[in-house]
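Subject: Structure for you to look at

Hi,

Here is the structure I promised. Please open it first, then read my notes below.

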Amino acid sequence: MSKGRILVTGASGFLGWNLLRDPWPEWEWTGCSNRYDPELPGLELLRKDLALPGAVAELLDAARPDIVLHTAAVTDLNACEADPGSTRPINTDVPGLLAHHCAERGIRLVFTSSDMVFDGSNPPYDEDSAPCPINVYGHQKAEAEALVLAACPGAAVCRMPLMFGAAGPRAHNFLPEWIGKLTQGERVPLFTDEFRAPVSADVAREGLRIAVEQRMSGVLHLGGRERMSRYDFGQLLCDVWGFDPALLQPVQRADLNFTAPRPADTFFNSHRAWALGYGTASLEEQLRTLKAEGRIS
Ligand SMILES: NC(=O)c1ccc[n+]([C@@H]2O[C@H](COP(=O)([O-])OP(=O)(O)OC[C@H]3O[C@@H](n4cnc5c(N)ncnc54)[C@H](OP(=O)(O)O)[C@@H]3O)[C@@H](O)[C@H]2O)c1
């Protein structure tokens with residue numbers, strides 16, 4: 001028997017596609033994308049620009065979900081910094097509206113936020129640490145979190161860390177890009193001075209499953225247990241995939257010119273989820289699993 005209907009927004013994106021390519025059994029699934037088809041045969045798919053007036057209510061009328069897993073966003077930090085006006089509607093206004101409609105209709109909402117709500121100067125961050133973003137994207141997400149919880153107090157706000165894994169046909173992810181370059185013998189510049197709590201998309205999926213199936217509400221961190229720089233992560237990747245670590249080029253954030261300021265260290269404690277068995281596999285094990293699956297070449 002079905003446990004209910006889950007609507008995943010951002011179906012063509014990295015996280016949405018990874019959720020829908022191997023959906024949890026016993027649930028019925030609908031995806032919503034905007035410009036692109038996620039190319040998942042058999043998936044009930046709706047296409048909608050959620051930032052257009054009336055689109056959120058139309059989507060809920062069409063999909064009639066019990067749960068919304070909202071992953072749609074503009075996630076490019078530099079695009080948000082360069083154009084706050086055009087990115088705010090999807091990153092801030094839509095989550096707020098969605099929360100309002102979900103509360104009115106008795107739909108459970110799981111909203112994916114980001115470690116970018118923190119400034120990176122005072123880790124580790126707890127679930128009750130006050131958001132203190134330093135870039136536009138972080139501000140948009142922090143404001144969205146507040147709107148979601150005000151309109152729909154039963155919602156779960158899941159702060160996601162840096163994620164890696166196979167990317168869908170339209171989504172981007174750093175890991176396939178690095179593997180492609182290293183396979184070609186190209187050098188990959190990687191930060192030594194920026195620290196994150198990365199998890200694979202498979203681990204992130206399990207965290208979201210905990211949020212849904214344990215009916216969690218409030219802020220939930222879904223970070224990994226290991227604090228790591230991209231350079232150290234590259235070393236681990238070379239160990240697991242057998243690449244030459246000399247191809248990794250250590251760089252510092254100050255060496256590169258980004259539009260958006262980047263927090264130095266957003267490592268966050270994810271005690272609520274860890275206590276429920278989230279994220280026990282090491283990063284090395286997560287990479288070995290991905291390699292064994294053969295979905296990234
Ligand atoms: N990836 C990470 O490492 C990471 C880290 C921290 C937090 N997060 C959070 O995790 C969530 C998912 O991120 P992601 O990496 O999967 O993002 P992504 O790959 O950039 O995908 C974004 C998705 O949002 C959809 N979208 C954008 N604008 C839309 C609009 N106006 N109407 C409807 N859909 C729209 C896109 O649809 P189309 O492509 O079809 O236009 C796409 O499916 C986000 O909330 C993000 O903030 C991600």
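The buried residues of α5 are V136, Y137, G138, Q140, K141, A142, A144, E145, L147 and V148. Keep in mind that this is a predicted model. What do these residues pack against? The buried residues of α5 face α3, α4 (84-105), β5 and β6 (156-160). The helix length also checks out.

Next, the domains. The chain is divided into domain 1 (4-163 + 199-221) and domain 2 (173-197 + 226-267 + 282-293). Taken over C-alpha atoms, their centres are 25 Å apart. Contact between them involves 24 residues of domain 1 and 15 residues of domain 2. On the side of domain 1 that touches domain 2, α3 (77-82), α5 (136-151) and α7 each supply at least two residues. α3 gives the most there, with five residues. By class, that side of domain 1 has 15 nonpolar, five polar and four charged residues.

Now the core. In soluble globular proteins, nonpolar side chains tend to be buried together. Here, the largest nonpolar core has 74 residues. L109, V110 and C158 have the most contacts inside it. Helix α7 (residues 201-213) brings the largest share of this core, seven residues. Both domains take part: domain 1 and domain 2 each give this core at least three residues.

Which residues does L109 touch, leaving aside its neighbours within four places in sequence? They are V68, H70, L98, A99, C102, V148, C152 and A155. V148 is also one of the buried residues of α5. Another core, of 12 residues, lies apart from the largest one. Its members include V117, Y125, V136 and A197. V136 is on the α5 buried list too.

Send me any questions once you have had a look.

Best wishes

Terms used: Residues are numbered from 1 along each chain as its sequence is written. This is a predicted model: local features need pLDDT of at least 70, side-chain atom pairs count only at pLDDT 80 or more; totals for chains, interfaces and linings use all residues. A nonpolar core is a set of buried Ala, Val, Leu, Ile, Met, Phe, Trp, Tyr and Cys residues joined through C-beta atoms within 7 Å. A residue is buried if 20 or more other C-beta atoms lie within 10 Å of its own, exposed if 12 or fewer, and partly exposed in between; C-beta atoms are placed from the backbone. Helices (H or I, at least four residues) and strands (E, at least two) are DSSP runs, numbered from the N terminus. Domain bounds come from an automatic or database domain assignment. Two residues are in contact if their C-beta atoms, placed from the backbone, lie within 7 Å. Ala, Val, Leu, Ile, Met, Phe, Trp, Tyr, Cys and Pro count as nonpolar, Asp, Glu, Lys and Arg as charged, and the others, Gly among them, as polar.
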